[in-house]
Amino acid sequence: MMLFPISGSLFCTRRWLFVTTILSVGLRVSFVSPLLVADEPPAAEAASDSKSGDVPATEDKATEDTAIEVPDGTPKELFDFIASTMQNRGRDLESVKKAARAVVDAAAKIRTIDSVSLEDEIKAIGQQLPALEFLARMDKQAKVELEELVDALAQDERPAIRRVALFEKMKSEIAVAHRGSEDDQRALIARFTELIDSEGLDSQSLQIASMLGRSLGASENSELAATFHEDMADRLSKSDDERLREHAEKMLGTARRLRLPGNMMEVFGTLADGETLDWGSYRGKVVLVDYWASWCGPCRGEVPNMKRNLEKYGDRGFTILGINMDNTREAFEKYIEQEQIPWANLVSTNDEGKGWDHPMTVHYGVSGIPTAILVDREGKVVSLSARGARLDALLTELIGDVEPPE
């Protein structure tokens with residue numbers, strides 16, 4: 001899971017770069033390699049209620065003033081040190097900053113070892129860059145260090161290292177691609193596809209493709225975004241790497257989701273009570289199809305708003321259908337009972353289809369939650385992001401305002 005600040009909101013996704021969670025009592029910031037993929041966040045990362053989420057604002061002064069010493073060792077020993085440092089990074093900002101600096105220094109040390117393999121050096125860079133990017137957000141010197149590192153990588157004589165720099169430089173353009181014109185977006189897509197045509201498709205280029213796809217999907221050019229995902233799905237399906245081929249179906253699903261607005265939505269699966277969903281029975285109602293999991297803080301944060309709207313509009317044709325993405329039935333049932341969730345939920349009936357592999361998640365290429373899709377009375381999708389005030393406004397538009405009781 002990663003919590004992305006997206007237009008002022010928080011979003012849980014299966015790809016990790018860094019985590020920034022604003023809690024009511026403090027700030028928790030964490031980071032991991034962008035090349036890692038997690039199906040469910042470690043317990044320490046899942047945003048929770050105020051009791052379990054409380055974190056100290058500062059640590060002991062002596063701890064703050066002590067940098068984490070990076071040991072000497074083999075690449076394996078230093079990678080183990082990096083893993084341990086991230087695992088035990090602390091829970092306040094200063095501790096995480098120290099851990100990030102230790103990761104940067106340990107990765108740099110790996111790269112200076114005479115016998116280091118190219119594979120290990122690229123892996124070290126994959127640890128070094130996101131940690132340094134995190135530090136650069138708060139420290140000007142770290143920003144300069146990051147720029148110098150990327151420039152040095154871009155001038156490396158080894159094509160594989162230069163490729164890392166090219167992708168890194170492309171990230172800044174991708175981050176604002178959703179605000180660009182269609183011509184700008186097409187030009188960026190062309191440069192990216194030219195790069196993977198010449199250098200090949202691997203886990204790193206897949207990560208960049210996913211970032212570009214998300215940015216395009218957040219723009220007004222949904223058809224261009226859908227076409228990009230279909231092209232990537234075709235490329236992935238032809239890869240010799242089985243791990244890459246597995247992402248093709250999700251890419252196609254994302255294209256399918258991006259084309260939903262104004263069109264009919266297909267929903268299928270098994271309800272928590274064991275019954276097969278009768279999607280046709282929802283016709284004539286305004287339906288909020290909500291992808292969620294109990295470990296997702298933003299999902300939980302939206303529940304009061306969903307309950308309020310259900311109470312307001314429930315007798316006027318509004319209903320909610322959840323698609324649960326927990327990895328265990330126990331976690332789902334505990335949360336449903338704890339929060340007294342009144343609406344129906346689709347759940348997976350087998351271990352292979354849990355979490356991010358839920359059939360409905362794959363079908364629409366959902367890679368971040370909460371994903372709240374609003375369907376009108378005719379079964380056509382009105383919005384792919386019906387949350388908060390936007391849900392309120394859409395329901396008022398579709399159903400009408402409700403006069404408060406006298």
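Predicted model: local features only at pLDDT ≥ 70, side-chain atom pairs only at ≥ 80, totals over all residues.
On the side of helix 5 the contact is formed by Ile125, Gln128, Leu129, Leu132, Glu133, Leu135 and Ala136, and on the side of helix 6 by Ala142, Lys143, Glu145, Leu146, Leu149, Val150 and Leu153. When the residues of this contact are sorted by class, ten are nonpolar, one is polar and three are charged.

Val150, a residue of helix 6, may be taken as one example from this region. Its relative accessibility is 8%, and Val150 therefore counts as buried. Leaving aside residues up to four places away in sequence, Val150 touches Leu129, Ala165, Glu168 and Lys169. For Val150 and Ala165, a separation of 15 residues in sequence corresponds to a C-alpha to C-alpha distance of 5.5 Å in space.

Helix 5 also packs against helix 7 (residues 159–175), with the axes 10 Å apart and at an angle of about 20 degrees, which makes helix 5 roughly parallel to helix 7. In this case the crossing is right-handed. Leu118, Glu121, Ile122, Ile125, Leu129 and Glu133 of helix 5 make the contact with Ala160, Ile161, Val164, Glu168 and Lys171 of helix 7. Seven of the residues in the contact of helix 5 with helix 7 are nonpolar and four are charged, while no polar residue takes part.

Helix 7 has a further contact with helix 9 (residues 203–217), where the two axes come within 10 Å and cross at roughly 10 degrees; helix 7 and helix 9 are therefore roughly parallel to each other. Helix 7 contributes Arg163, Val164, Phe167, Lys171, Ile174 and Ala175 to this contact, and helix 9 contributes Gln204, Ser205, Gln207, Ile208, Met211, Leu212 and Ser215. By class, the contact of helix 7 with helix 9 comprises seven nonpolar, four polar and two charged residues.

Considered as a whole, the chain has 16 helices and eleven strands, and 49% of its 406 residues are buried. Among the contacts in the chain with a separation of 6 or more, 67% are between residues 24 or more positions apart.

The largest nonpolar core consists of 49 residues, and the residues with the most contacts inside this core are Phe318 and Ile369. Two or more residues are given to the core by each of strand 6 (286–292), helix 13 (297–313), strand 7 (318–324), helix 14 (329–339), strand 8 (344–347), strand 10 (371–375) and helix 16 (388–399). Of these elements, strand 6 provides the largest share, with six residues. Phe318 touches Val286, Leu288, Asn309, Leu310, Tyr313, Leu374, Leu395 and Ile399, residues up to four places away in sequence not being counted. A second, separate core has 32 residues, including Ala106, Ala107, Val116 and Ala131.

Several local features were also examined. Ile369 is joined to Pro370 by a cis peptide bond, with omega about 0 degrees, and Pro370 is placed in the loop between strand 9 (368–369) and strand 10. Gln340, found in the loop between helix 14 and strand 8, has a phi near 55 degrees, a positive value in a residue other than glycine. With a relative accessibility of 58%, Gln340 counts as exposed.

Arg377 lies in the loop between strand 10 and strand 11 (381–383) and is partly exposed, with a relative accessible area of 33%. Arg377 touches Arg283, Gly284, Lys285, Val286, Arg316, Gly317 and Ile399, again not counting residues up to four places away in sequence. One of these residues, Gly317, is 60 residues from Arg377 in sequence, and the C-alpha atoms of Arg377 and Gly317 are 8.4 Å apart in space. Val286 and Ile399, which Arg377 touches, are also among the residues touched by Phe318.

Notes:
Residues numbered from 1 in each chain as written. Heavy atoms only, no water. Contact = heavy atoms within 4.5 Å. Helix = DSSP H or I, 4+ residues; strand = E, 2+ residues; numbered from the N terminus. Nonpolar A, V, L, I, M, F, W, Y, C, P; charged D, E, K, R; others polar. Core = buried A, V, L, I, M, F, W, Y, C linked by side-chain atoms within 4.5 Å. Buried < 20%, exposed > 50% of the residue type's maximum accessible area, 1.4 Å probe, protein only. Axes fitted to C-alpha atoms, helices over the stretch in contact; angles between N-to-C directions. Parallel < 35°, antiparallel > 145°, perpendicular 65-115°, else oblique. Left-handed = near helix turned anticlockwise from the far one by under 90°.
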